[in-house]
Amino acid sequence: MSLGVVDLAILLLYFVVVIALGYTAMRKTKRFDDYAVAGRRLPVVFLFATMAATATGGAATVGRASQAYQAGIVIFAATMGFVLNQLLSGLFLAPRIRAIGKLYTVGDVMGFYYGRAARALTGLLSFLYSVTLFGVQLLAMGRILQTITGLPLVPLTIAGSIVTVIYTGLGGIWAVIYTDLLQFLVLAFGITTAAVVAVHAAGGVDALVSGLDPVLLSPAGTWPTSQIVAVFVAFLLGEALAPYFVQRYAATKSPSDTRWGVTLFGAYYGFYTIVVIALGLAGAMLLSDTEPDLVLTTIVRDFLPLGLKGLVFAALLAAVMSTGDSILNNASVIFTRDIYRMFLRHEASDARMLLWARISTLAIGAAGVAAALSLPDVFQLLIYTYTLWAPSIVPPLVVALLWGGARQRRVAPRAAVPAIVAGMTTTFLWGTPLLGEPLGIPPVVAGVFANLLVLYLAHTATRNMAPTGIFRAEEVEAG
Amino acid sequence: MSFWGLLFYVSTAVVYIAVGATVVGWIRSLRSDPPHR
């Protein structure tokens, strides 16, 4: 698939604009707080847009249209797991995280409730989680650029990565947020317009509904119930309280702003998914023999007018880049807060923290490219940390937030570490050939249950012990 | 209009409204918080 000169020029212009936004953001970034949490003055609308842009990567656009093309509306039921996750986070969890005080990372939240041991474990896991996902996004970016330009994968991945690392390193989270805003606007507008044009080309909604294979419009499609449940659970838990989301919850002026931004995003995401699914279904009618992963790009190429086509392709690339930059920025903040400051230099000055955040952005960027391109086996292993997030960190975090809120610590501090270890071990063992997923229960669900069980038992056993040393809860500055 | 039609057009309207509201919010934030200060 190749583009005309006008569309390629728009794509190139997009790269220039993104670097310029990074430079603008750099002038706004004077302290570590600016780099990590936007000086805690992120407006609701920015939180909404940055959440939408971060959550809308390649999978939520190209991938979702491809799934709708193949399986139909059943994918909507499965995706509702993510919508539910965001609505519940927005209403009950995110505002409490913001209300605790001046936090930056999930490690900070865990340190507040469970002390240094849990913070260290969380810091390490969230760092691996972010670095791994960054590598995945780099590869996806290279593939999208390859599809659009027809050029080879490796140089394109490196070129796209260099641009991402430069603007993220310069401007920190402000650069990420500005590019997120731009990407959200162009992609949401472009994809929705493409959906309207494609549905119209298929003869309108009613003609589309009567012309499609009925199985595509059946709520369960051809999927067995177990598959629907498994995908629903994966969406519900996979990115629950993900490190890059928690960093954003902490970046607003108030808990109320966080509640509005996240809840509105959760609701919006449901409607956006319907639009993308409609696009995939129109593709099923209009393009009979297309490779499913190319449905969205083919509709954009064949049905959108010149100019808008280039803009949407730029936005598709941006969708992947903006997920990658968010994760890169998040990984550098986790490194600076939870690893550098905690283990290497506890009394680091603000200027030094900012310097290390920038240095680590460059280092993680380079390491991400190297790992994604040259070490596929190591990389596959690392991807596993993504699966371990929900059954390890999420249960003790959610229980502490719901039970004690932002002011009280009700769970015994010693309970978190054994619960995290139990959750990870169960998830790992449950899926191995030795156990082979007993009762058909997905490993992640078994891990969450094991985690909660051990959390309860360890809490009951240690709740009367005075928290000392590495279990002493950390204080967080108000604000 | 059928249920499916209503669902599709309400969803597209929500996305367009979100885009419009974000543009308005961005412009308002530029006025109250200029990036070059």
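**View 1. Helix 8 of chain A crosses helix 13 of chain A at roughly 80°.** The axes of helix 8 and helix 13 (residues 295–303) come within 10 Å. This is a predicted model. Angles of 65 to 115 degrees count as roughly perpendicular, so helix 8 and helix 13 of chain A are roughly perpendicular to each other.

**View 2. Helix 8 and helix 13 of chain A meet through named residues.** Helix 8 brings A:A194, A:V197, A:A198 and A:A201 to the contact. Helix 13 brings A:I299, A:V300 and A:F303. What kinds of residue make up this contact of helix 8 with helix 13 in chain A? Seven are nonpolar, with no polar and no charged residues.

**View 3. Helix 8 of chain A also packs with helix 14 of chain A.** Helix 8 spans residues 153–201, and helix 14 spans residues 308–344. Their axes lie 6 Å apart, at an angle of about 135°. Is their crossing left-handed or right-handed? The crossing of helix 8 and helix 14 of chain A is left-handed. The contact of helix 8 with helix 14 holds 17 nonpolar residues, twelve polar ones and two charged ones.

**View 4. Chain B touches chain A.** How many residues of each chain are in contact? Chain B has 20 residues in contact with 25 residues of chain A. On the side of chain B that touches chain A, twelve residues are nonpolar and eight are polar.

Key. Residues are numbered from 1 along each chain as its sequence is written. Chains are lettered from A and ligands numbered from 1 in the order in which they are written. This is a predicted model: local features need pLDDT of at least 70, side-chain atom pairs count only at pLDDT 80 or more; totals for chains, interfaces and linings use all residues. Axes are lines fitted to C-alpha atoms, for helices over the stretch in contact, and angles run from 0 to 180 degrees between N-to-C directions. Helices (H or I, at least four residues) and strands (E, at least two) are DSSP runs, numbered from the N terminus. A crossing is left-handed if the near helix is turned anticlockwise from the far one by less than a right angle, and right-handed if clockwise. Ala, Val, Leu, Ile, Met, Phe, Trp, Tyr, Cys and Pro count as nonpolar, Asp, Glu, Lys and Arg as charged, and the others, Gly among them, as polar. Two residues are in contact if their C-beta atoms, placed from the backbone, lie within 7 Å. Angles under 35 degrees count as roughly parallel, over 145 as roughly antiparallel, 65 to 115 as roughly perpendicular and the rest as oblique.
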